[in-house]
Amino acid sequence: MRLGIFGGTFDPIHNAHLFLAESARLLENLDRVLFVPTKEHKHYRNSAQEDAAHRCAMILAGIEGNAGFALDESDLRADATGYTADLLPLLKKKYPKATFTFIIGADSLANSPWERFDEVLEQLERFVIAPRIGVRPEALQRVIAAVPKSLRERIATLNMPELTESATLVRTLLSQGRSVRYLVPEAVWQYIVAHGLYGIER
């Protein structure tokens with residue numbers, strides 16, 4: 001089985017997340033994409049505004065109906081470090097017959113320091129990057145150039161449009177009392193409204 005690993009805070013999950021996951025699933029011939037939300041970690045790029053239970057519920061709402069998607073809570077365990085190098089052995093133990101393709105947005109790779117990146121790549125079949133508007137190619141090349149040549153062939157850029165939507169945009173609009181309907185799946189929008197998340201009034 002070929003599994004895609006898509007990690008992040010998913011705070012909240014939005015349509016660009018789903019488009020990226022589906023594009024990676026098809027382009028990389030993956031059997032399934034696992035959405036792997038992280039808990040709070042000081043080294044993580046963005047701190048989650050909503051707790052893990054709400055974020056997981058929104059992921060489940062957003063991916064419902066796509067048999068190629070699933071939620072995995074391995075990075076929410078009490079002993080989880082938040083480092084991908086530590087997450088992958090847990091997933092290998094859980095899915096012993098699977099090979100893994102890690103899915104990431106270009107901004108997450110270019111703008112965040114990656115600890116033990118070589119160790120991450122050694123555990124993967126592929127590491128695929130989604131283009132993002134505003135991320136300069138040379139920023140990515142600097143990160144990739146630091147990787148041993150034997151591992152660089154595992155890294156690829158997905159042939160898909162540059163993405164603009166982000167969870168930061170969604171949260172910003174909500175904080176301004178504006179609608180994010182159609183930026184997020186309808187079920188996620190209804191969940192946000194029903195639970196009064198991100199400061200909106202119920």
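Me: Start with charge. How many positive and negative side chains does the protein chain have, and how far apart do the centres of the two sets lie?
Reply: This is a predicted model. The protein chain carries 24 positive and 25 negative side chains. The centres of the two sets lie 2 Å apart.

Me: What makes up the secondary structure of the protein chain?
Reply: The chain has nine helices and six strands.

Me: Why is the protein chain called as compact as a globular protein of that length?
Reply: Its radius of gyration is 16 Å. The globule rule gives 17 Å for 202 residues. The two values are close, so the chain is as compact as a globular protein of that length. Along the principal axes, the C-alpha atoms fill a box of roughly 55 × 35 × 35 Å.

Me: What share of the residues is buried, and what share of the accessible surface belongs to carbon and sulfur atoms?
Reply: Buried residues make up 51% of the 202. The accessible surface is about 10100 Å², and 50% of that belongs to carbon and sulfur atoms.

Me: Which share of the contacts with a separation of 6 or more comes from residues 24 or more positions apart?
Reply: That share is 76% in the protein chain.

Me: Why is Thr101 called buried?
Reply: Its relative accessible area is 1%. Buried means under 20%, so Thr101 qualifies. Thr101 sits in strand E4, residues 99-105. Beyond its neighbours within four places in sequence, its contacts include Arg2, Leu3, Glu28, Leu30 and Val128.

Me: How many aromatic pairs does the structure hold?
Reply: There are nine aromatic pairs.

Me: Why is the pair Phe102 and Phe127 called stacked?
Reply: Their ring centres are 5.7 Å apart, and pairing asks for centres within 6.5 Å. Their planes stand at 10 degrees. Stacked means under 30 degrees, so the label holds.

Me: What makes this pair a tie between parts of the chain?
Reply: Phe102 is in strand E4 and Phe127 is in strand E5, residues 126-130. The pair therefore ties together parts 25 residues apart in sequence. Phe102 and Phe127 are both buried.

Me: How do you know that Trp114 and Phe127 are edge-to-face?
Reply: Trp114 and Phe127 have 85 degrees between their planes, with 5.7 Å centre to centre. Edge-to-face needs over 60 degrees, and this aromatic pair is edge-to-face. Trp114 is in the loop between helix H4 (106-111) and helix H5 (117-122), 13 residues from Phe127.

Me: Which residues form one aromatic cluster?
Reply: Phe6, Phe10, Phe35 and Phe69 do.

Me: Why does His17 count as buried?
Reply: His17 has 14% relative accessibility. The limit is under 20%, so His17 counts as buried. His17 belongs to helix H1, residues 15-27. Leaving aside its neighbours within four places in sequence, His17 is in contact with Phe6, Phe10 and Pro12.

Me: What makes Ala78 exposed?
Reply: Ala78 has 78% relative accessibility. Exposed means over 50%, so Ala78 counts as exposed. Ala78 lies in the loop between strand E3 (69-71) and helix H3 (84-94).

Key
Residues are numbered from 1 along each chain as its sequence is written. This is a predicted model: local features need pLDDT of at least 70, side-chain atom pairs count only at pLDDT 80 or more; totals for chains, interfaces and linings use all residues. Side-chain values use heavy atoms; hydrogens and water are left out. Helices (H or I, at least four residues) and strands (E, at least two) are DSSP runs, numbered from the N terminus. Buried means under 20% relative accessible area, exposed over 50%, partly exposed in between (1.4 Å probe, protein chains only). Contact means heavy atoms within 4.5 Å. The radius of gyration is taken over C-alpha atoms; the globule rule is 2.2 Å times the number of residues to the power 0.38. Accessible areas come from the Shrake-Rupley method with a 1.4 Å probe; for residues, only the protein chains shown count as cover. Lys and Arg count as positive and Asp and Glu as negative; His and the chain ends are not counted. The place of a charge is taken as NZ of Lys, CZ of Arg, CG of Asp or CD of Glu. Rings of Phe, Tyr and Trp (its six-membered ring) pair if their centres lie within 6.5 Å; planes under 30 degrees apart count as stacked, over 60 as edge-to-face and the rest as tilted.
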